[in-house]
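Please look over the sequence and the model, and then follow the sections in turn.

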Amino acid sequence: CMGGGGARGEAPARGRAELGDGIRRYRATGAVMDLPYFLALLANVVIRMDDTAAASTALDEADALVAERPAYFYLPELARLRGLVHLVDGDLDAARAHLLESRQHAQRAGSLQLLARAEATLGDRLPDTVTGATDALP
C-alpha cells in the first residue's frame, strides 16, 4: 500500500515512515518506473509536516528520474507539489510559477483530472491566478 493510509488524516508521521519503508522495499526490487509517483506521495506527506527540505529532496529525485526515463504523466503533479513547497517556504512568485507550470503540463497532456487538481490548488492557495483554464479542454 506504500503508506497511503497512514499518510492521510491525523497520522502524517506514520505515513511518512510507511512510505519510506515502501520506497526502500520498492527500490530493493530494482524497479524504477513508479518511483517518481511514490516520491511525489512522500513529498505530499512531508509538505503537510512543513518539512520542505525533505519534500524538495524527494521532488528533485523524482524530477531526475522523469528526465532519465520520460514519464510525462508525472510532470503536472511534480510541478504542483514543487509549488506547494515554495508556498510553505513563503516564496509566492516561485510557487505561482510552478503551479502555472503544473496547469500547463496538465493541459498539454489533456488530463482533466490533473488540470482540475492544478486549478484547485491555484484557487485555494493563489486565487488571483485562476483563469478558468479548464474551459479550454474538450
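## Around L78

Leaving out residues up to four places away in sequence, L78 touches P36, A40, L59, A62, D63 and V66. The model in which these contacts are found is a predicted one, and L78 is also named, together with L39 and L81, among the residues with the most contacts inside the largest nonpolar core, a core of 29 residues. To this core α2 (12–28), α3, α4, α5 and α6 each supply at least two residues, while the largest share, nine residues, comes from α3.

## The chain as a whole

The protein chain holds seven helices and zero strands, so that reading along the sequence gives the pattern α-α-α-α-α-α-α. Of the 138 residues in the protein chain, 44% are buried. Among the contacts in the protein chain with a separation of 6 or more, 47% are accounted for by residues 24 or more positions apart. The protein chain exposes about 7,300 Å², and carbon and sulfur atoms supply 54% of that area.

## Helix α5 and what covers it

Helix α5, which runs over residues 75–89, has 15 residues and reaches 21 Å from its first C-alpha to its last, close to the 21 Å expected at 1.5 Å a residue. This helix is mostly covered, with 12 of its 15 residues buried; the buried residues include P76, L78, A79, R80, L81 and L84. The cover over the buried residues of α5 includes α3 (35–48), α4 (52–68), α6 (92–109) and α7 (112–125). Just after α5 comes G90, which takes a positive phi of about 85 degrees.

Apart from its neighbours within four places in sequence, S102 is in contact with P76, A79, R80 and A118. S102 and A79 are 23 residues apart in sequence, yet 4.9 Å apart in space, C-alpha to C-alpha.

T121 lies in helix α7 and is likewise buried, with a relative accessible area of 8%. When its neighbours within four places in sequence are left aside, T121 is in contact with R80, L84, L99 and L126.

## Helix α2

Helix α2 has 17 residues and reaches 24 Å from its first C-alpha to its last, close to the 24 Å expected at 1.5 Å a residue. The buried residues of α2 are G15, L19, G20, G22, I23 and Y26. An α-helix has 3.6 residues a turn, so residues three or four places apart point the same way. After α2 comes G30, whose phi is positive, near 90 degrees.

Terms used: Residues numbered from 1 in each chain as written. Predicted model: local features only at pLDDT ≥ 70, side-chain atom pairs only at ≥ 80, totals over all residues. Heavy atoms only, no water. Helix = DSSP H or I, 4+ residues; strand = E, 2+ residues; numbered from the N terminus. Buried < 20%, exposed > 50% of the residue type's maximum accessible area, 1.4 Å probe, protein only. Contact = heavy atoms within 4.5 Å. Areas by Shrake-Rupley, 256 points an atom, 1.4 Å probe, with all protein chains shown as cover. Expected span 1.5 Å × (residues − 1). Core = buried A, V, L, I, M, F, W, Y, C linked by side-chain atoms within 4.5 Å.
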